[in-house]
Amino acid sequence: MGSSNIRDLLTAFSPSLDYFAISSGDGRIKIWDTVKGQVQTEFADIVSTEESSLLDKSVKGHLSVDYTCMKWLSLEKKKKRKLGSSLLVLGTGSGDILALDVSSGQLKWRVSDSHPGGVTSISFPPSGLCIYTTGADGIICKLDSLTGNLLEKFKASSKAISSLSVSSDGNILATAAAQLKIFNSPDHKKIQKFSGHPGAVRCLIFTDDGKYIISSAVAERYVAVWKIDGSKKQSAYCVLAMDHPAVFLDSKCVDTGDIDALGLYVLAISEMGICYFWYGKNIEELRNAKPTKISLSLDDPFSRSQKGVLPTIFAAKLQGIDKAASGHVFLAYGLIVKPSFEKVLVHCGTDVKLSSSVNGILLPISQSHKSKTRSNTQYEVTALDRANAEDAALPIPKIFDFHGKEKQHQNSSIRPDKVMADHLANSKKQAEDKARTGGLDKADGSSICIEEQLKTLGVFISEVDLTLDSMINFIKLKGINIETSIPQKKMKATILSMTPGDAYKLLEVLVALWQSRSYSGKYILPWVSCILVNHSNYIVSQEPQLLDSLHKIMKSKEVSLQPLLLLSGRLQLVTAQIDKAVQKSGFSSSQDHQMDESEDDDVDEILYGEEDEESQSNSEEDD
């Protein structure tokens, strides 16, 4: 299940938590009995007539149904384990809204083409009297929960709405499009708006008291808490960091006696199937709270035996509060084909590890639970994720090819002592030859370093060069030329066009390049500043190591700035003195050079005169 992403799953618990609905994208909906751990009902090929039973043998066509959202609606409070008091409401990618009566296995009602472009979200108040839906058309529809009749609709956004939520009293609506907007439900008047999610909002819920909104978005590793007070403040009131983006949110409020200090519990499930649990007596304490994690232990033999599919947590619900800083969480975990259900007591600060049960794993009839060590290790494949991929980047150890000669002598009849003697003689002879040739001979073929061979062929590249090249290639892929000076508006537009994850990755690359002194700070710092300004919320929610590294680099630059300025001033003074001395020495040397030239002229004239006299006397003697 670790490989099959739980983002594609649609899950919903019944109001009493006795039943669990799940759809994995194949057009089928399975209803599980959480007490017995068995399939209660399976829906496929849903037809539009109320008289047709959905429990009949299905015909081809269920794969064409694209469910986009699912909620379990409670119509009235009845005795426990009665399905007739609830409806399973679904939205489709074609814009239809369906309500399923799970107890009778029939389609209660259907609204066709409610939202052109697809239904994106469904929500309703706890009373269950009406249902609110929204979609890609930016319209909010209010439907009667019993008949599906349209009660009213209004245009909430000019863009597609990705998520919708209704407060517990039904008086306030929250929508997420380009911004988070709060509407008064009766008159559709906008109360407040927020901005801070660059990506599409995936989860959006109200707290029980209706004072806060909790949201999470695609590719954002944090949960944001927004305060509803009618003010003009548009930033998040509180941010809760996660290791991976959230796919599910839940919360509960507990009255602590203080009007402004309600104990707030927040529950989230990440894309990797890990459950996060936060608690704070007030919003300030919640902001500084560290999450308690609930996850599955993958060390048991049954989890390790699953090839390509790992058990995980894919649904959760805050069931009740035991005492301060602790609560009961009802979980659905394991495998999609056979989930397990368990109620877990969670205490803040104490992580919980769940064990995968053999009852949650389906095995072929011929396969027993006995471990087959040889067969498992023979076909075992290790998948590298972000956590363990760092070891793959370590330098390749040097391997020498000594096995060839060993294999040659394994089946040979030659005695080992004779082979050893021959080997020593050959080694001695090779050493003498190497001494005569000045040590320029190549190494023996039996001990050639494979790493050096790979480097020669260009297959293996050093880690430093590979890292630097990959960073530069990443920047080029984003269409950025660091050494080119561009206007601030164009730089901002480039950064805003990136997803928060890509912007964070670019920031990592820029900091690494600056730290390695591959580029000057005058090229790096404008881009770093632009990323920090436009993606601040996402960057703050990530691991603090990057910001700490950036802070250390800036601090070191600041510390070294004053000594460098003093050194620069002294160098300028020394350079000026040198230039002045050079000018003086150049003037004096030019004068000396002129005097030397005049003396040389006089000497030459005397010598030439003497030569003429000597030549004349010699000519007279010859005559």
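Surface patches here are made of residues with over 30% relative accessible area and no salt bridge, with like charges joined within 9 Å and nonpolar side chains (Val, Leu, Ile, Met, Phe, Trp, Tyr) joined within 5 Å. A salt bridge, in turn, is a side-chain nitrogen of Lys or Arg within 4 Å of a carboxyl oxygen of Asp or Glu. By that rule, Leu564, Leu567 and Leu571 make a nonpolar patch of about 290 Å², an area from the Shrake-Rupley method with a 1.4 Å probe. Leu564 belongs to helix α12, residues 545-622; helices (H or I, at least four residues) and strands (E, at least two) are DSSP runs, numbered from the N terminus.

A word on the source: this is a predicted model, where local features need pLDDT of at least 70 and side-chain atom pairs count only at pLDDT 80 or more, while totals for chains, interfaces and linings use all residues. Residues are numbered from 1 along each chain, and side-chain values use heavy atoms, leaving out hydrogens and water.

Helix α9 covers residues 500-515 and spans 22 Å between its first and last C-alpha, close to the 22 Å expected (1.5 Å times one less than its number of residues). Its buried residues include Leu506, Leu510 and Trp514; buried means under 20% relative accessible area, exposed over 50%, and partly exposed in between. Just after α9, Arg517 takes a positive phi of about 60 degrees.

On to the rings: the whole structure holds 11 aromatic pairs. Rings of Phe, Tyr and Trp (its six-membered ring) pair if their centres lie within 6.5 Å, and planes under 30 degrees apart are stacked, over 60 edge-to-face and the rest tilted. Here are two of the pairs.

| Pair | Centre distance | Plane angle | Type |
|---|---|---|---|
| Tyr212 and Tyr237 | 6.3 Å | 50 degrees | tilted |
| Tyr265 and Tyr279 | 4.5 Å | 35 degrees | tilted |

Tyr212 sits in strand β18 and Tyr237 in the loop between β19 and β20, so their pair ties together parts 25 residues apart in sequence. Tyr212 is buried at 12%, whereas Tyr237 is partly exposed at 22%. Tyr265 in β22 and Tyr279 in β23 are 14 residues apart; Tyr265 is buried at 1% and Tyr279 is buried at 10%.

Terms used. Buried means under 20% relative accessible area, exposed over 50%, partly exposed in between (1.4 Å probe, protein chains only).
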